[in-house]
Amino acid sequence: MNIKHLIGFGLTTGLLSSAAYAQDNITTGFDPVIEDRAMTSMIGWTAGVSAATRFNTSDDFDHLENEVEGFVELTYGGFHTGFSVTSLYQDPTDDAEFEVDLGYGADFGQGMNWDLSYSYAWLNDSKDHGEEITATLGFPIGRDASGAFAVIIDPDNGESDQEVAFEAPLSERWTAVGLIGNSDRDDNIYAEAGAVYDFGDGVSFEALYEDTNDGDGVLGFTVSYEIGG
């Protein structure tokens, strides 16, 4: 899930997989999550689909890839589980990446919250796979903005990524999003910055710039549609 890693299956849909271009195809973990899950005793669900296109800003905006992703998430109290399918662009071996996650989160004190989740991803033909354990702490920033700090651990080798992210409303429709992270796994620093426009009725548009200290910058555009109940 590219910049599907801060996916709060909401406005930050694009912030799903951080530094996707610093990683391999397997990018497990619904990124550090800025999201608002209702703590109720009823089962809730969210489903959606998104389409994205990305360009290399360091090479005359050369087109890099197109991507289509679909997901569904179920919640019950603080428990949540999700499944997603993401297309792989012109991959010689695999056509899609599948991912499942399971976790629990809760609110505590003055707008703060925590979440602990496990994610497993695999490719459809090569059967390559990966795992992640993500611990996230969410916190308010001023009156309207929200922030999150996350540590994403690879249980196979103990290495991790550390990320700090924010989202802040700019107007009734526009929201600014951003993220900076350090990857022990890839030995680099990465960042994301962008804006999301909410059309209403579950439809949103996101423009997001991603970069690393050892790679080219990437500009992506994503259109998403979500429903829930």
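Leaving aside residues up to four places away in sequence, Phe79 touches Leu74, Gly103 and Tyr104, where a contact means heavy atoms within 4.5 Å. This is a predicted model, in which local features need pLDDT of at least 70, side-chain atom pairs count only at pLDDT 80 or more, and totals for chains, interfaces and linings use all residues. Numbering runs from 1 along each chain as its sequence is written, and side-chain values use heavy atoms, with hydrogens and water left out.

Phe79 belongs to strand β3 (residues 79-87). Its C-alpha atom is separated by 6.6 Å from that of Gly105, 26 residues apart along the chain.

Now to the fold. The chain has zero helices and 12 strands; helices (H or I, at least four residues) and strands (E, at least two) are DSSP runs, numbered from the N terminus. The strands form a closed barrel that runs from β1 through to β12 in order, with antiparallel pairing. Two strands pair if DSSP finds at least two bridges between them. From one strand to the next, the twist averages 20 degrees, with axes fitted as lines to C-alpha atoms and angles from 0 to 180 degrees between N-to-C directions.

Some totals for the chain follow.

| Property | Value |
|---|---|
| Buried (under 20% relative accessible area, 1.4 Å probe, protein chains only) | 47% of 229 residues |
| Accessible surface (Shrake-Rupley, 1.4 Å probe) | about 10900 Å², 57% from carbon and sulfur atoms |

Conventions: Buried < 20%, exposed > 50% of the residue type's maximum accessible area, 1.4 Å probe, protein only.
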